[in-house]
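We will go chain by chain.

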Amino acid sequence: MAIEIRDVNKSFGEAAVLRDVSVDVASGSLTALLGPSGGGKSTLLRVIAGLERPDSGQVLISGKDATRLPPQRRGVGFVFQHYAAFKHMTVFENVAFGLKIRKRPKPEIKKRVEELLELVHLDQFAARYPAQLSGGQRQRMALARALAVNPEVLLLDEPFGALDAQVRKELRTWLRRLHDEVHVTTVFVTHDQEEAIEVADTIVVLADGVVQQAGAPGDIYDNPASPFVMRFLGPVTEIGGRLLRPHDVVISTEPGPGTRPAVITRVVRLGFETRVEFQVREPGEPGEEHPAWAQMTRESAGRLSAEAGTEVHVRPSVQAATVPAS
Amino acid sequence: MSETTKSTTATLDEKVATAGPDSPPGGKGRSVRPVGLGGGAGGAGGTAIGVGIATIFLSAVVLIPLAAVIWKGASQGPGGFWDAITTPDAWAALKLTVIASLVVALVNLVMGTLIAWVLVRDSFPGKGLLDLLIDLPFALPTIVAGLVLLTLYGTDSPLGVSLAYTRTGVVVALLFVTLPFVVRTVQPVLLELDKDMEQAAASLGAGNWTIFRRIILPNLVPAMLAGTALAFTRAVAEFGSTVLISGNVPFKTQVAAVHIFGQIESDNTAAAAATSTALLVLSLLVLLTIDLMRRWGARRG
Amino acid sequence: MAKHGMRVIVLTYLLFLLILPIGLIGWRTFGDGPGPFIDALTTHSALHAFQVTLVVAGWAVVLNTLFGVLAALLLVRHDFPGKRLLSALIDLPLAVSPVVVGLALILVYGAFSPAGGWLEGRGIQIIFSTPGMVLATVFVCLPLVVRSIVPVLEEMGDEQEQAAQTLGAGGWQTFRRITLPGIRAALGYGIVLSLARALGEYGAVAVVSGRTVDQTQTLTLFVEERFENFDVQASYAAALALAVIAVASLLATKLLRPKDGS
């Protein structure tokens, strides 16, 4: 394991931000700490980096107890949400900073920095100051700066949070590719489930200072441990007191085993997919109706000839992952 | 108003209203952590050493000496203190100081606001230079300020106006050294004042005077009062600029600071300490008022 | 019309309070050409006063800068009990009359006080000597450096410093390579403010120095003493020299002043 976090607790004043958090991060993995804002994920990242000291618990980096180590001696690279670019230094000097602190010989520094700038596609910008860079470029500079000292683990706090949507998407793919090239154990914080699923090979869902679930993105998506995780990872709807994904709803014109009667209220075509909204009547509760919706391909919606007012029967599909609604 | 106090200009000699450290650092809502000298999460020791050094330094230079003044001033008990500040000459000096400072504060309130207004809203050749000159009284050593005024308003005044050894002369000297306070607190507020508000008022039919009274003035009042109070404390404490022009005539032109100086010179430190304590208390009361006003202003804006 | 009226009032006020007096002193000094001006400033006493002024102001500025940086870092970057009190105490000197500053130092460090007597017994004289004048000057300059740096430190935030730490920089390296360059302009501004104030301090120094000609006489004391002794030429010359320093520092602060919104 590259990072082992054991029963970490952390409070700021009265507010408990981390409660008995234990997380393992495998060597060479790309792990996402996913959760709503205020869930404790940034604090956990800062605890790993040594920028916060936990009230109790242990942090092991590469098997060594690092709980009491200052950030300088942890061998971590940290990329800050707002990049924390050294404003009075050029891009080159920013990236060279950690190596200079380590008193590496000048030619070695130059070689390493040039390598890294090439890796992050900033070789043309070495002489510029951070103020002369775009957000995405500053982000890549911060990344190169963190990588320059060959950290054992790379930590990124909301790495794409301050960028606009287009650049975000590009950098996401790029980070994944970079990780495949560099293979440094990487942990990043995000509140965007799509980002986590797309980039990470392990996701740790953190909310209210507690680890809700950890695992591979597909696992968590398909087998959420709680209604919270299910809701947080993707769209959900409710049928028969259970939460499920809208694409796991089966609609038929005839009643069958486990179906519930429903009336379609609206059909929305969104390109390839079609969104069918309906009111479900739960058996045993006469007069009780609640809204739900299904996601299907345009083709299957056509086969159903669904339109507002049509009486149908709905049920979860056989392989659907469901959790109790409350 | 919190913005105002922050952008208020620091000037030579005195720093006008400052953004206290109790305002959130960086405005980013981050918690304060030990970094820098402390070094990372293990900086508690660094903090303790730093606080220790700062406390010792501050105690040696400021705290213990000022405490000694109050201690000495109060050493004869409340009765003795009262007797010391109500001797005819001490009392006259204190009375002159307070009255002259009040006059100076009021003139500054009006003229300072007017100057700030002209500097922000008017334009004429040489305005930039004038703006620069406003800070000169802070930069100029007070004894030089006194000498400068005595040259123009002394016994051989080229204007034929001799204010030497008169109370008016004292007031003029105090006006000179306190000139920047109100100007420099009001000016930034006026600069940041949203012109849209005035235009909105005008579109609603308000005339110029109404706009000034109802829209502009209420926004300026906190800064005007803060600047005036600072000018008052400075006037109360002033020494150097009044030495030459006042001629140091007891019962007539001797201000409190000059009176204290005389007592020190004649080795009467107990009397000097009593009058000093009176001045200190007066200044602290005014500073406290400014602080309360600033909080009140911050709450409003 | 109201606009012009206001302009006239303001200009008249400033003309008689500020512009005429300052213009006049230049004219008086140079009325007989620059010769007497230079002669007046190169007498033994004048040169000595220059020297005393520089020594006292130099020490005061160094001490005040070290304390100012330390106090600003503590106030912005650290948490400790009594922080608000420290902040209030730093501003306190602004409210204290220079004469009271002098008295306060005499009461503690004078030869007849316990602390002063103890030091005197060890051959260290504070009052009527350079250390006392330095203390007095530090007292009156105390808030200037702190208050120049604090807003910039707040504005800067601590992320760059944390980034430096994760890259391996220790406390001192972080300060020297990251914090100090970030506050350089503000620090320069504070130092110029302090220096100008230190060179021009009169009241506090007048009390603690004993005003001994050719020994503890600073330039401001020289101005007053020459004037009282009817050597008006020397008095004006020294005053003008101080005024030139004041104007130069004023211009320097305009250049160094942190720009709004940057």
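Chain B falls into domain 1 (38-73) and domain 2 (78-300), with bounds taken from an automatic or database domain assignment. This is a predicted model, where local features need pLDDT of at least 70, side-chain atom pairs count only at pLDDT 80 or more, and totals for chains, interfaces and linings use all residues. Residues are numbered from 1 along each chain as its sequence is written, while chains are lettered from A and ligands numbered from 1 in the order in which they are written.

The C-alpha centres of the two domains of chain B are 32 Å apart. Four residues of domain 1 of chain B are in contact with seven of domain 2 of chain B; contact calls for C-beta atoms, placed from the backbone, within 7 Å.

Now to chain C, with twelve helices and zero strands. Helices (H or I, at least four residues) and strands (E, at least two) are DSSP runs, numbered from the N terminus.

| Chain C property | Value |
|---|---|
| C-alpha box along the principal axes | roughly 70 × 65 × 35 Å |
| Buried residues | 56% of 262 residues |

Buried here means 20 or more other C-beta atoms within 10 Å of the residue's own, with C-beta atoms placed from the backbone.

In chain A, five strands form an open sheet in the order β13-β17-β14-β15-β16, with antiparallel pairing. Because β13 (249-252) and β16 (289-297) of chain A each have a single partner strand, one side of each is left without a neighbour in the sheet. Pairing requires at least two DSSP bridges between strands. Strand β15 (residues 273-281) of chain A pairs with β16(A) over nine bridges, and A:Phe278 has A:Ala292 of β16(A) as its bridge partner.

Methods:
Two residues are in contact if their C-beta atoms, placed from the backbone, lie within 7 Å. A residue is buried if 20 or more other C-beta atoms lie within 10 Å of its own, exposed if 12 or fewer, and partly exposed in between; C-beta atoms are placed from the backbone.
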